[in-house]
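This report describes selected features of a predicted model.

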Amino acid sequence: MLTRLKFRKDLRVIARCLSDKSKDNDGKPQVIQDAKKKTVKNDPATEKIQELLKSMMAPPKISEAEYREKFATSPDTRRSKQVDEIEVKTEKIEESITKAATDVAQAIGGDVKQTEAELLSRVLGKINQTSTTLSDLLVGMKVDRTVEPDEVQKKPDTREQQVKRLVSKAKTTEASPTRYSQRKSAYVPNDRTRQGRDSNRSGTPQITEIDIFGGEPLGIFKTTEPNYGTKLDVWENLKKRELSLATAQPPANYFQKIILWTNQGKVWKFPIDNEQGLEEEQKIHFSEHIFLDTHLEDWCPKKGPIRHFMELVCVGLSKNPFYTAQEKKEHIMWYKDYFVTKKDLLTEVGAWDLPNSNKEASV
Amino acid sequence: MYSNIVITRQISKIKCLCRSLVSIESQKTPQSGASSDGISPPVRIQRGPTDILQALSTTVGIDPTAAHYKYHDDPYLIPLSNYRKRAYALAAEAGRKAAIWIRDEHADLFTTRIWDPPLRKKTPYYNADPKIEAFSPKPIYNDESKVTEEDLIYTIQNALIEDSIKVYQLLGGSQGVSDELKLQLLQLLCFYNEKEPDSVEWLEERWFSANTRERQAATWRLGSLADTIFTSMEPKSPEAYCAIIQGMAKYYQAERAYELSQEAIEKGIPLSTGVYNALLGCIGFLREGATLRIEALKSTLMQMNEQGLSPNIETLSACLRSISVWGGGIQLQNLAMQLVAEFRELGIQPGLSAYYYLLCLFCKERGPRNNILSKILTDLESRERLEVNEPTDTNFFITAMGVCSDHLQDINMAERVHALLMKNNNYKLVGDAYKESIYYRHLVTVACRHAPFEKATEYLDTLIPNIYIPEPSVMEEIIRTLEVAGAGDRLAQAWSQIIVFGHAKRTKLVERLLSALCNCYEYQEEDVKEKIRSAAESILKHGETLEQRDESRDQRSPVSQKLSATALSNIIELLSDVSDKSSERWTSVETALNKLKQEQATGVPSKPESISTLAEKAASMGKLEIAATAVAYLAECGFEEAAGASARVLGAMLNRPEEEVRALLQEPAGALAGSLHPAALAVLHSYHLAKTGTAIRDSESSTSSESDSESSSDED
């Protein structure tokens with residue numbers, strides 16, 4: 001705080017001096033005053049600049065040679081050389097400017113140093129009244145020497161100052177009254193929100209009425225028979241797919257999960273029907289499943305144990321829900337082949353129909 | 001006897017009879033209206049396979065107290081933060097994905113279909129009927145696979161872009177594939193611009209993938225397979241033209257799409273409404289400047305009319321989509337209104353997408369406020385059900401709620417929007433998890449800011465935590481609302497919510513909560529005060545555990561920020577409000593105070609008076625060390641309160657009136673050193689520190705540090 005005050009005072013003095021002395025220096029005082037205002041406003045900024053400047057002024061902690069001894073350094077690149085060249089050039093320019101200023105000052109006479117300083121400050125954009133070297137200019141401009149003793153003492157305990165700075169910063173930023181103070185003044189919760197809302201509302205203009213459906217029709221289209229032109233099947237399907245994806249949500253209850261699974265074909269469809277998925281079989285009439293005797297007609301004996309057996313097979317098959325009609329037929333045909341290959345033996349035993357039919361014929 | 005009856009002819013007769021009976025039976029439909037005997041069976045209603053399930057699922061309402069269905073399997077692990085919700089749901093899906101991957105990779109092991117029930121096998125090597133496609137391995141296509149056109153049809157129907165391209169190449173490119181299949185493939189490629197779309201199977205992935213808004217830039221792949229197929233088709237059918245133009249326009253290759261459409265018109269090829277919809281959507285890429293664009297839009301519509309094509313609902317939303325991205329201005333707004341009127345005259349009501357674009361056009365955040373949302377809502381509310389026509393329909397509700405919150409700042413309108421979303425089956429229009437959370441962010445914000453407190457809390461109670469987890473910014477809004485309403489009980493709860501939602505590491509939020517707690521504290525009932533105190537203690541402990549964790553991890557930069565000094569002083573203020581000397585809170589107070597003293601907190605307390613109050617209180621309660629530390633801290637920071645506080649504390653310690661103490665303080669510090677209690681001595685030092693300021697501090701610093709060590713040794 002102290003340091004800043006001093007700094008401000010300095011500036012004011014400087015500004016006054018300049019405005020008194022150099023009225024012919026058109027526009028300058030205003031500029032400086034502006035600058036002053038700015039610096040006063042941006043306290044943290046000036047502080048930062050001060051610190052930077054200080055670090056500029058301070059001698060390096062380790063000399064370059066020492067540094068090079070201790071640490072590996074990269075070899076000098078061309079770029080750094082260029083920078084050096086520029087520096088050298090600027091230094092030369094600076095020197096010549098300073099010299100010219102001294103010459104002019106001596107030619108004018110009077111307070112030589114003062115005039116020189118003014119001239120220099122004009123050129124370099126710096127203000128200093130007594131000294132002419134650049135470093136002095138900088139120091140006089142920005143850095144308060146008064147701070148330095150503290151630092152020289154190497155006292156880490158600048159906490160108080162830190163604290164004060166923080167507090168002052170907080171005060172400037174917290175221009176608006178805190179909620180705490182607001183609450184202290186009045187404790188009426190709901191009213192406050194309403195007030196806040198009202199004030200909010202009064203800030204924005206009132207709602208304008210727009211009749212969204214009140215436009216004047218363009219009059220391009222006439223209502224006719226709908227004609228949507230060329231149809232793209234796959235495109236339409238993909239559109240439907242995207243649409244269902246856009247509105248798909250993870251199932252929110254068991255029923256929705258089952259709906260999802262039903263649509264994915266993972267579970268039985270309602271109503272439950274044990275012929276689901278057997279669409280091929282549904283094309284076949286049920287009579288073909290039940291009346292299987294037709295398959296016996298052309299080979300099986302009309303009577304006797306074989307016939308009896310085959311009829312039982314047919315009855316069994318007609319009650320079987322698992323075989324397809326084709327499988328049932330194949331099953332019967334297998335018996336046919338079996339019996340036909342054993343036909344000789346069967347005839348010999350008398351199980352085949354021939355003797356019976358003979359008997360019948362004879363009877 | 002059986003054999004005697006059965007005769008071939010008879011069987012065929014019976015068969016015939018049966019067939020006719022069955023066919024009659026199946027054809028006969030029950031007649032409605034009264035029959036002669038007075039019994040009239042109701043007409044059969046044909047129901048789809050999921051109709052009954054849907055009816056059943058509507059009986060299950062939304063239960064805000066329960067976690068979402070996908071999380072309920074393990075009640076101990078119900079997720080309560082956004083991160084966990086996402087992680088759990090995706091983890092479950094990742095498991096399913098892994099299973100499917102194994103099934104597809106080892107397809108030969110999964111060829112047997114199981115019987116249900118398992119005993120009814122006919123033969124061990126036979127498979128069950130029906131074959132369930134969803135459970136059978138998916139084909140994998142590579143260079144060695146032998147493919148047929150069947151495979152191409154399969155891949156096209158299932159929208160497998162990469163597989164279909166592979167199969168197409170395996171079939172020998174344009175020579176080996178029939179024109180019809182080529183056309184189908186062309187449509188598929190154009191629709192997705194040769195990018196693999198999201199799978200239908202993975203709902204959670206889609207739900208949680210934050211699909212940001214579609215990029216409005218020319219993303220059409222030039223010289224791609226779609227282009228090749230199109231050029232190879234000779235003669236080019238109208239379908240091919242339509243497909244390629246729609247594809248190009250969909251991905252904003254506007255100029256070529258426009259050229260092709262002109263070419264098609266010159267050749268007399270009939271285009272389609274879809275083509276014009278797509279062209280209308282990319283007019284902004286053809287012209288610059290509002291006036292030229294409007295002209296182009298109108299002329300395109302006119303051309304469409306000349307071609308004898310009738311517009312549909314998508315034509316309207318395509319026009320409005322174009323207009324809405326051209327900026328604002330009265331000219332465009334008028335055009336939009338004209339379009340709406342035009343289409344209404346044709347009997348086409350604007351869909352949700354059209355309304356979404358209208359909201360974008362009319363309700364700019366900083367623009368003048370208008371009432372179009374209320375008009376739109378009136379229209380939508382009058383509809384029996386909301387039809388979903390386009391994927392962009394899902395943008396309507398989040399935009400409408402955003403308008404309520406930012407543009408209109410009106411809770412009543414927000415309630416209307418919410419009621420509409422909850423109506424019927426409309427909730428599916430909320431889109432995905434990302435949109436859903438933005439929607440609720442707007443809703444909760446507007447409720448907190450503009451609703452009466454009772455209503456706001458009602459919303460908070462129903463939505464949080466199962467439907468919506470507030471983000472840190474919304475949480476701050478909630479805390480502000482609770483603070484203004486003075487709801488200390490809820491504020492104390494808010495801390496546990498912050499922990500559960502995973503926001504406890506956000507120091508700013510925690511600090512905000514602490515200051516809210518402090519501000520409300522004095523108006524609360526005693527039991528609520530106790531809750532607030534324990535919340536404050538918990539905050540302190542949580543900070544410590546975080547620090548320990550950081551230390552144990554040995555990270556260079558600690559992840560968690562430390563609480564600021566203001567927050568710590570707030571904690572101290574809350575915790576020190578105990579009337580009992582032996583209370584355990586004092587240890588917490590001491591921890592917090594030590595943290596302050598050891599500069600573990602950033603900044604300085606904004607209310608140093610709370611610490612001086614603490615010092616006096618501690619002194620009067622006989623907690624001398626705490627009092628000494630507090631005063632020392634105040635003095636060190638150079639607060640103006642330090643001197644007064646130390647005098648009063650000393651007075652309380654020594655149990656003497658203030659004048660006497662003042663007199664005592666005037667004496668040199670060294671003279672009293674032997675006669676006083678170490679804590680009192682420390683206070684004395686603090687007093688001098690505060691009085692004398694910076695200059696003498698140097699010489700005093702050694703003694704003050706001594707006093708520090710003394711007080712700390714006392715604590716041991």
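## Packing of α5 and α8 in chain B

In this predicted model, helix α5 (residues 149-157) of chain B packs against helix α8 (residues 179-192) of chain B at an angle of about 30°, and their axes are 10 Å apart. Because angles under 35 degrees count as roughly parallel, α5(B) is roughly parallel to α8(B). The crossing of α5(B) past α8(B) is left-handed.

From α5(B), the residues Glu149(B), Leu152(B), Ile153(B) and Ile156(B) take part, and they meet Leu181(B), Gln184(B), Leu185(B) and Leu188(B) of α8(B). Sorted by class, this contact of α5(B) with α8(B) comprises 6 nonpolar, 1 polar and 1 charged residues.

## Packing of α18 and α19 in chain B

Helix α18 (residues 372-382) of chain B and helix α19 (residues 395-408) of chain B meet at an angle of about 145°, with 11 Å between their axes. Here too the crossing is described by its hand: α18(B) passes α19(B) in a left-handed manner.

On the α18(B) side, the contact is formed by Leu373(B), Ile376(B) and Leu380(B). On the α19(B) side, Phe396(B), Ala400(B), Val403(B), Cys404(B) and Leu408(B) contribute. The contact of α18(B) with α19(B) contains 8 nonpolar residues, with no polar and no charged ones. As a rule, an α-helix has 3.6 residues a turn, so residues three or four places apart point the same way.

## Buried positions in α10 of chain B

Helix α10 (residues 225-232) of chain B has Leu225(B), Ala226(B), Asp227(B), Ile229(B) and Phe230(B) buried.

## Geometry and surroundings of α24 in chain B

Helix α24 (residues 488-500) of chain B consists of 13 residues. From its first C-alpha to its last, α24(B) reaches 19 Å, close to the 18 Å expected at 1.5 Å a residue. After α24(B) comes Gly502(B), with a positive phi near 80°.

Within α24(B), the buried residues are Gly488(B), Leu491(B), Ala492(B), Ala494(B), Trp495(B) and Ile498(B). Their cover includes α23 (472-485), α25 (507-521) and α26 (526-553) of chain B.

## Overall features of chain A

Chain A contains 19 helices and 0 strands. Of its 363 residues, 25% are buried. Among the contacts in chain A with a separation of 6 or more, 48% are between residues 24 or more positions apart.

Notes
Residues are numbered from 1 along each chain as its sequence is written. Chains are lettered from A and ligands numbered from 1 in the order in which they are written. This is a predicted model: local features need pLDDT of at least 70, side-chain atom pairs count only at pLDDT 80 or more; totals for chains, interfaces and linings use all residues. Side-chain values use heavy atoms; hydrogens and water are left out. Axes are lines fitted to C-alpha atoms, for helices over the stretch in contact, and angles run from 0 to 180 degrees between N-to-C directions. Helices (H or I, at least four residues) and strands (E, at least two) are DSSP runs, numbered from the N terminus. A crossing is left-handed if the near helix is turned anticlockwise from the far one by less than a right angle, and right-handed if clockwise. Contact means heavy atoms within 4.5 Å. Ala, Val, Leu, Ile, Met, Phe, Trp, Tyr, Cys and Pro count as nonpolar, Asp, Glu, Lys and Arg as charged, and the others, Gly among them, as polar. The expected span of a helix is 1.5 Å times one less than its number of residues. Buried means under 20% relative accessible area, exposed over 50%, partly exposed in between (1.4 Å probe, protein chains only). Angles under 35 degrees count as roughly parallel, over 145 as roughly antiparallel, 65 to 115 as roughly perpendicular and the rest as oblique.
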